[in-house]
Amino acid sequence: MLRVGINGYGTIGKRVADAVRAQPDMEVVGVAKTRPNFEAEQAVEKDFPLYAAVEDRVELFDEAGIELAGMVEELVEASDVVVDACPSGIGEQNSEMYDEYDTPALYQGGESADFVDTSFNARSNFSDANGADHVRVVSCNTTGLSRLVAPLREEYGVEKVRTTLVRRGGDPAQTGRGPINDIVPNPVTLPSHHGPDVKTIFPDLDIDTLGLKVPATLMHMHSVNVTLDAEPDADEVRELLEGESRLFVIPEHFDIDGAGKLKEYAQDVGRPRADIWENCVWGESITTEGDDLYLFQAIHQESDVVPENVDAIRAVTNSADAEESIRTTNESLGMGI
Ligand SMILES: NC(=O)c1ccc[n+]([C@@H]2O[C@H](COP(=O)([O-])OP(=O)(O)OC[C@H]3O[C@@H](n4cnc5c(N)ncnc54)[C@H](OP(=O)(O)O)[C@@H]3O)[C@@H](O)[C@H]2O)c1
């Protein structure tokens, strides 16, 4: 069993912890937090050994009556791999600690791509992370774009990607985020950081991205145009995308008209936290005009990177190849809706 520690038990960390626990070849050694809030309570409730991330906050846990298993350094030492899911920038600061204990670490998309050995998307560049010490699982939006671009490149070749990302203002629990009544070009300059980020996965890809922020918390929405090196018809592209295990092509008769109904569907099928790990591509939006492909896809920002983190654990430990890892992860989580 691969022993996995999770440093940073928030939106991403708690989901990764549950996903790791569901794997047949992994166990969660523990999770680390700085504060004894509701997520700390839940970690204990779920029998995840809880470690303190900051020495001088230990007494806060004592005062709250939450028992600690130790300090984060002990967690790192006991782990074969650490998944760092701390707020952006903290992961890079933590990298020295991971080096000190010789523990390979995965970071999240909010971290800089510059200090890691490679950025990672399971479908696109799994083996680049084999044996690496520092791997960055790319952001929710970059994961969503990479999963889409990978099969299109393989099947048709891609001349150029142009995507407008309509981004949720914040996650449901992020009370301080906005806008609350606006539509904000964000960033107002082009390209948004997403295009360059996708190039950390596909260095030679020609891609332009524009970003906006809207008063929504449920999902991101991408309006995608890909100029291909071929002229397939829409049905052919649809069939190709339907064959991808992490793309959910929404059938017309589901009558799902937006992110709200998608989340409702996720709840109806019993997804934990109403998570949608797959890209959600509207089937009837898949359109071709000559060599231009158009479609809409929704991305559940809180969860699409979760299976990617699980695969990255196998990649850095050389414990499975891409196909085997993706299959195991998908089956263990119950992906495919
Ligand atoms: N949310 C998304 O939509 C999303 C999607 C893809 C990628 N990401 C990326 O994932 C990373 C984490 O984002 P998130 O949304 O999960 O953030 P989050 O919900 O704020 O969770 C981060 C957690 O880390 C804990 N923490 C803070 N400082 C820490 C430290 N020094 N050591 C250990 N734990 C610490 C915080 O809890 P306490 O302070 O209470 O302990 C917090 O619960 C970021 O790089 C982000 O860009 C986020």
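A residue counts as buried when its relative accessible area is under 20%, as exposed when it is over 50%, and as partly exposed in between. By that cut-off alanine 274 is buried, because its relative accessible area is 9%. Alanine 274 also has a positive phi, near 60°, in a residue other than glycine. The structure is a predicted model.

**Ligand site**

- The ligand has 24 residues around it, and Thr11, Lys33, Thr34, Arg35 and Asp171 come nearest.
- By class, this shell holds 9 nonpolar, 10 polar and 5 charged residues.
- Threonine 11 places a polar side-chain atom 2.8 Å from an oxygen atom of the ligand.
- Arginine 35 has a polar side-chain atom 2.9 Å from an oxygen atom of the ligand.
- On its own, the ligand has 880 Å² of accessible area, and the protein covers 83% of this.
- Two elements give two or more residues to the shell: helix 1 (11-21) and strand 2 (26-33).

**Cis peptide bonds**

- Glycine 178 and proline 179 are joined by a cis peptide bond, with omega about 5°.
- Proline 179 sits in the loop between strand 9 (158-168) and strand 10 (184-185).
- Asparagine 186 to proline 187 is also a cis peptide bond; omega there is near 0°.
- Proline 187 belongs to the loop that runs between strand 10 and helix 8 (194-198).

- Arginine 273 is not a glycine, yet its phi is positive, at about 55°.
- The loop that holds arginine 273 lies between helix 10 (259-268) and strand 14 (279-282).
- Alanine 274 is found in the loop between helix 10 and strand 14 as well.
- Arginine 273 or alanine 274: which is buried and which partly exposed?
- Arginine 273 is partly exposed, because its relative accessible area is 33%, while alanine 274, at 9%, is buried.

**Helix 5 and its cover**

- Helix 5 spans residues 90-100, and its buried residues are Gly91, Asn94, Ser95, Met97 and Tyr98.
- An α-helix has 3.6 residues a turn, so residues three or four places apart point the same way.
- Which elements cover the buried residues of helix 5?
- The cover includes strand 1 (2-7), helix 4 (72-78), strand 5 (81-84), strand 6 (105-107) and strand 8 (134-137).
- After helix 5 comes aspartate 102, with a positive phi near 60°.

**Nonpolar cores**

- In soluble globular proteins, nonpolar side chains tend to be buried together.
- The largest nonpolar core here has 42 residues.
- Ile6, Val20, Val31, Leu106, Phe120 and Ile313 have the most contacts inside this core.
- Helix 11 (residues 306-316) supplies the largest share of this core, 6 residues.
- Apart from this core lies another, of 27 residues, with Leu152, Tyr156, Val158 and Val224 among them.
- Valine 20, in the largest core, touches Val4, Met26, Glu27, Val28, Val310 and Ile313, leaving aside residues up to four places away in sequence.

**Serine 124**

- Serine 124 is part of helix 6 (residues 122-125).
- Its relative accessibility is 24%, so serine 124 counts as partly exposed.
- The serine 124 side chain makes a polar contact of 2.6 Å with the side chain of asparagine 121.
- Setting aside residues up to four places away in sequence, serine 124 touches Ser146, Ala150, Ile201 and Phe202.
- Serine 124 and arginine 147 are 23 residues apart in sequence, and their C-alpha atoms are 7.1 Å apart.

**Lysine 160**

- Lysine 160 lies in strand 9.
- Is lysine 160 buried or exposed?
- Lysine 160 counts as buried, because its relative accessibility is 14% and the cut-off for buried is under 20%.
- Its side chain makes a polar contact with the side chain of aspartate 208, at 2.8 Å.
- Beyond residues up to four places away in sequence, lysine 160 touches Asp206, Asp208, Asn225, Val226 and Thr227.

Key: Residues are numbered from 1 along each chain as its sequence is written. This is a predicted model: local features need pLDDT of at least 70, side-chain atom pairs count only at pLDDT 80 or more; totals for chains, interfaces and linings use all residues. Side-chain values use heavy atoms; hydrogens and water are left out. A residue is near a molecule or strand if one of its heavy atoms lies within 4 Å of it. A polar contact is a pair of N or O atoms within 3.5 Å; within protein, one must be able to donate a hydrogen and the other to accept it, and residues adjacent in sequence count only if both atoms are side-chain atoms. Accessible areas come from the Shrake-Rupley method with a 1.4 Å probe; for residues, only the protein chains shown count as cover. Helices (H or I, at least four residues) and strands (E, at least two) are DSSP runs, numbered from the N terminus. Ala, Val, Leu, Ile, Met, Phe, Trp, Tyr, Cys and Pro count as nonpolar, Asp, Glu, Lys and Arg as charged, and the others, Gly among them, as polar. Buried means under 20% relative accessible area, exposed over 50%, partly exposed in between (1.4 Å probe, protein chains only). Contact means heavy atoms within 4.5 Å. A nonpolar core is a set of buried Ala, Val, Leu, Ile, Met, Phe, Trp, Tyr and Cys residues joined through side-chain atoms within 4.5 Å.
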